[in-house]
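Take a moment to turn the model around on your screen before reading on. We'll walk through it together, one part at a time.

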Amino acid sequence: GHRQETLYHGGGSTIALFVFDRFTELPEHKANGIVGMHVLRGCLKITAADQVHELRAGQMLVLAPEVPHAVAAEEESEMLVTVHLNRAAP
């Protein structure tokens, strides 16, 4: 249903490209960092903190750390995801 390719990983940050087939899903998960999801093509429904956000190409959603979220593709879609991990203070 979906493919992902890591474009960058370092310094506590990861940038990945997700490609979704029509009517596919990414199950609920969470990250220990700030998550930015930018839809490049298509339409995605992102459920986060019990709210559904329908995003189309050009729209972006930013989530605080540890917010559970799931992604459902309404059509073939692409999304650029950036995660900035929280680092414990020394």
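**A pair of rings to start with**

F18 and F20 are both buried, where buried means under 20% relative accessible area, exposed means over 50% and partly exposed is in between (1.4 Å probe, protein chains only). Before we go further, a word on what you're looking at: this is a predicted model, in which local features need pLDDT of at least 70, side-chain atom pairs count only at pLDDT 80 or more, and totals for chains, interfaces and linings use all residues. Residues are numbered from 1 along each chain as its sequence is written, and side-chain values use heavy atoms, with hydrogens and water left out.

Back to those rings. A search of the whole structure turns up one aromatic pair, and F18 and F20 form a stacked one, at 6.2 Å centre to centre with 15° between the planes. The rule is that rings of Phe, Tyr and Trp (its six-membered ring) pair if their centres lie within 6.5 Å; planes under 30 degrees apart count as stacked, over 60 as edge-to-face and the rest as tilted.

What does F20 touch, leaving aside its neighbours within four places in sequence? Its contacts (heavy atoms within 4.5 Å) include L26, L44, V71 and M79. F20 also belongs to the largest nonpolar core, which has 20 residues, and F20, M37 and M79 have the most contacts inside it. Such a core is a set of buried Ala, Val, Leu, Ile, Met, Phe, Trp, Tyr and Cys residues joined through side-chain atoms within 4.5 Å. At least two residues of this core come from each of β2, β4, β5, β7, β8 and β9.

Now for the strands themselves. Strands (E, at least two residues) and helices (H or I, at least four) are DSSP runs, numbered from the N terminus, and two strands pair if DSSP finds at least two bridges between them. Strands of a sheet pair through backbone hydrogen bonds, either parallel or antiparallel. Here, five strands make an open sheet in the order β1-β2-β9-β4-β7, with antiparallel pairing. The edges are β1 (2-10) and β7 (60-63), each pairing on one side only. Zoom in on β2 (residues 13-20) and β9 (residues 77-85), and you'll find eight bridges in the antiparallel sense; T14, for one, has V83 in β9 as its bridge partner.

Next, follow β5 (residues 43-48), which is joined to β6 (residues 51-56) by six antiparallel bridges. I46 is partnered with H53 in β6. The hairpin of these two strands has two residues between them, and A49 there takes a positive phi near 50°. β5 also runs antiparallel to β8 (residues 69-73), joined to that strand by five bridges, and T47 stands opposite A70 in β8.

Finally, look at two spots where the chain meets itself. L63 lies in β7 and, at 8% relative accessibility, counts as buried. L63 and G33 are 30 residues apart in sequence, yet 8.6 Å apart in space, C-alpha to C-alpha. Is A31 buried or exposed? With 17% relative accessibility, A31 counts as buried, and you'll find this residue in the loop between β3 (25-29) and β4 (33-41). Beyond its neighbours within four places in sequence, A31 is in contact with P65, E66, H69 and V83.
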